[in-house]
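I am keeping these entries as I go through the coordinates. The order follows what I looked up.

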Amino acid sequence: MTTYTDKGPKPEAGRFVCFDHVTFWVGNAKQAASHYCVRMGFEPFMYKGLETGSRQVAAHVIRQNKIIFVFQSMLEPGKPAEMGAHLVKHGDAVKDVAFEVEDLDAIFKGAVQRGAQVVAEPWEESDENGKVRMARVQTYGDTTHTLIERSGYKGPFLPGYKPAPYTDPVAKALPVIGLEVIDHIVGNQPDLAMTNVAEWYEKTLMFHRFWSIDDKQITTEYSSLRSIVVTNYEETIKMPINEPAPGKRKSQIQEYVDYNGGAGVQHIAMKSSDIITSIKNLKERGQMFLEIPDSYYKLLREKLKSSKVKVTEDMDELQRLRILIDYDDNGYLLQIFTKNQQDRPTMFLEVIQRHNHSGFGAGNFKSLFEAIEGDQAERGNL
Ligand SMILES: [Fe+2]
């Protein structure tokens, strides 16, 4: 495991602020949005579709505190063709990870000069709340990054969207989850593609390496991975990039790549400041998580006895909920991973709580891999 301190040169102009929202292209946006509301505690937020004058694409926007997911589906047979092709190839999947930026022109121009592939040149959209400027570049696989400059806009989301025309009465009967903000978004790459992708972020967006791990540290009997985390200068946007490493059997990263039809977003990690309540309530809502065996906690309790760090949460409760712990001398993190959110063994979610620890759970990767391998074996993919 390596942590990096060199942020590289500070960009002369332009600044990445934070994750803005994540766009999924799915077969049925209405139902997908409802799934994330009922199971994960999001609420209907904004909408566009036939009723608002959007003739080809329906979009259901849901929100939980600062986390915004947009589910989009095509309305007409065969149109837009790109959405249809994406759905056939990837199934329900993340299409775009949007970043809020300052000085869009400087960031876009610099990125293009340094080799970024343009999906859409800067454009402007406006309504009674002001104007938003956006541009879009290509990243790994069919995934894109939309850059959004929204300082001139006072509306709740983006021009063209209307408030969701419905609330979900079921939500009132369900416990609050309390996910606050996106912590990191992970992209899986095919074999030996990770370094190039990490370098793309360094070169074109002027991100820098934050953390990395090689396959010697994350090998189970069967599978392995390598990962490099890249981040913006202010370190507010973390993008881990994974690739499979050779093992006795198929790596879970390779299983993702096979079922996704190439690179794509593997998981979205969301922060909670009370993970015990969040997970208890997510389980009550029927969200399913990877199961870790009791042996993990037995070993962990032993190891923690000789550690400088003190976990303040109730260990019995953490064990009961199957929340994982990773730590060093200065702090610890608590994390848990959902099962895949769709039939394909591709995208899933993570809930994370940090206590002075900025890692990504490397100490848990092995246990996690073993849990995933149990599921992989059931799918006949190990
Ligand atoms: Fe993660």
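Is His-184 buried or exposed? I looked this up before anything else, keeping in mind that the model is predicted. I find His-184 buried, because 21 other C-beta atoms lie within 10 Å and the cut-off for buried is 20 or more.

**Entry: the binding site**

I took the positions from UniProt, where an unreviewed entry lists His-184, His-267 and Glu-350 under "binding site". I then checked how they sit in space: they are spread over 167 residues of sequence, yet they cluster, with a largest C-alpha distance of 9.3 Å.

I placed His-184 in strand β11, residues 181-188. Leaving aside neighbours within four places in sequence, I listed the contacts of His-184 as Lys-238, Met-239, Pro-240, Ala-269 and Phe-360.

I placed Glu-350 in strand β18, residues 348-355. I count Glu-350 as buried, because it has 22 other C-beta atoms within 10 Å. Not counting residues up to four places away in sequence, Glu-350 touches His-267, Ala-269, Gln-335 and Phe-337. I note that Ala-269 is in the contact list of His-184 and also in that of Glu-350.

**Entry: the whole chain**

I counted 9 helices and 18 strands in the protein chain. How does the radius of gyration compare with that of a compact globule? For 382 residues a compact globule would have a value near 21 Å, and the protein chain has 21 Å, so the two agree. Along its principal axes the C-alpha trace spans about 60 × 50 × 40 Å.

I read off the burial total: 46% of the 382 residues count as buried. For contacts between residues at least 6 apart in sequence, I found that 69% join residues at least 24 apart.

**Entry: the domains**

I looked up the domain assignment, which gives domain 1 as 6-173 and domain 2 as 181-378. Their C-alpha centres lie 24 Å apart. I find that the contact takes 33 residues from domain 1 and 32 residues from domain 2.

Which elements each supply at least two residues of the side of domain 1 that touches domain 2? They are β2 (15-25), α1 (29-40), α2 and β6. I noted that β2 gives the most, with 6 residues. By type, I divided the residues on this side of domain 1 into 16 nonpolar, 8 polar and 9 charged.

I compared this with the record: for "domain: VOC", UniProt lists residues 18-150 and 181-339 in an unreviewed entry.

**Entry: helix α3**

Which residues of α3 are buried? I listed Leu-104, Ile-107, Phe-108 and Ala-111. Seen down the axis of α3, the buried residues fall within an arc of 95°, so they line one face of the helix. I recalled the general rule that an α-helix has 3.6 residues a turn, so residues three or four places apart point the same way.

I then looked at what covers these buried residues and found that the cover includes β6, β7 (118-127), β8 (130-138), β9 (144-149) and α4. Just after α3, I found Gly-115 with a positive phi of about 110°.

**Entry: backbone exceptions**

Asp-103 lies in the loop between β6 (93-102) and α3 (104-113). I count Asp-103 as partly exposed, because it has 16 C-beta neighbours inside 10 Å.

Met-206 is not a glycine either, and its phi is positive at about 60°. I found Met-206 in the loop between α4 (194-204) and β12 (208-213). Met-206 counts as buried, because it has 21 C-beta neighbours inside 10 Å.

Which peptide bond did I note as cis? I noted the one from Lys-79 to Pro-80, with omega near -10°. Pro-80 lies in the loop between β5 (67-74) and α2 (81-90).

Conventions
Residues numbered from 1 in each chain as written. Predicted model: local features only at pLDDT ≥ 70, side-chain atom pairs only at ≥ 80, totals over all residues. Helix = DSSP H or I, 4+ residues; strand = E, 2+ residues; numbered from the N terminus. Rg over C-alpha atoms; globule rule 2.2 N^0.38 Å. Buried ≥ 20, exposed ≤ 12 C-beta atoms within 10 Å, placed from the backbone. Contact = placed C-beta atoms within 7 Å. UniProt positions renumbered as here; feature names shortened; annotations may be inferred. Domains from an automatic or database assignment. Nonpolar A, V, L, I, M, F, W, Y, C, P; charged D, E, K, R; others polar. Arc of directions from axis to C-beta.
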